[in-house]
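Visitor: I would like to go through this entry slowly, beginning with a single side chain and then turning to the whole chain. Could you show it to me?

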Amino acid sequence: MLLEKIPLGRTLEIFVERDEYRYRLVSKVEDTNSQRVCVSAIASNGRFFMFQPTDKIRLIYRDQEVMWEWTNVKAGLAKLDGDPVHYFMITDPGKSFNRRNAYRVRLLEDSMFGYYAIPGKPEKYADVPSLPPEEEGRSEQDEQELLEAVRQPHMVKGLIKDVSENGVGIYCNIRLELDDSLFFDIPSPYGNLSVKALVVRKVPMQDYANRYDYYYGCVLLRSDRRLLRYIFDLQRELIKKQRM
């Protein structure tokens, strides 16, 4: 697929492999040509995501039922019509994305899910959130106590149902909302694989036989680079059993 054929405003997925982790970023296409695509600047807590020269970057675009992939991408921060954007320079024409990587494998592993929260606020975060602006009359001691409370992670028991390269399904009793995020470990023969996930689907469990109140479908925001190897191992085992 030609890069310049992507309609403006469509979503582009950016996968970044850095050190031992793999990050998934999402943004909207702002401009494109045959060698470059610009997306709305990716930021968190007011800070732009900074790509590094050693990052291994690939782009994924989903066109209805077909997925396209560009690898060995170089990235940077620039301005487009005065507004900040991230740009990606490509070195290949792109190819159909192997849907096997999106195949979910069943885990059914117990885990502890963690999150951070600001006292008095319902949102839950996989990273320590920024403190709200100082309120009039809030003392220095109150400020310090609030800071300590925000930095203290909350932990809850749950179950990892299944996982893919890009997503994970979990059960737990805590009430989460869409766009809440969590951190947890996935047990594997390679050790515990740390991930951070964003809730995109919520299903209350009506079956009283289920020991958890909610099922959540999540996309992976950050994952251990060994996770994909573990998924492929499970896929191979499943194929072997199906052939027996």
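Visitor: Which backbone oxygen does the side chain of S27 reach?
Guide: This is a predicted model, in which local features need pLDDT of at least 70, side-chain atom pairs count only at pLDDT 80 or more, and totals for chains, interfaces and linings use all residues. Residues are numbered from 1 along each chain as its sequence is written, and side-chain values use heavy atoms, with hydrogens and water left out. At a distance of 2.6 Å, the side chain of S27 reaches the backbone oxygen of S40.

Visitor: Is S27 buried or exposed?
Guide: Buried is taken as under 20% relative accessible area, exposed as over 50%, and partly exposed as in between, with a 1.4 Å probe and protein chains only. Because its relative accessible area is 7%, S27 counts as buried.

Visitor: Which residues does S27 touch, beyond those up to four places away in sequence?
Guide: A contact means heavy atoms within 4.5 Å. S27 itself lies in strand β2, which covers residues 21-32. With residues up to four places away in sequence left out, S27 touches R10, T11, L12, I14, V39, S40 and I42.

Visitor: What share of the contacts with a separation of 6 or more comes from residues 24 or more positions apart?
Guide: The protein has 244 residues, of which 42% count as buried. Among its contacts with a separation of 6 or more, residues 24 or more positions apart account for 62%.

Key:
Helices (H or I, at least four residues) and strands (E, at least two) are DSSP runs, numbered from the N terminus. A polar contact is a pair of N or O atoms within 3.5 Å; within protein, one must be able to donate a hydrogen and the other to accept it, and residues adjacent in sequence count only if both atoms are side-chain atoms.
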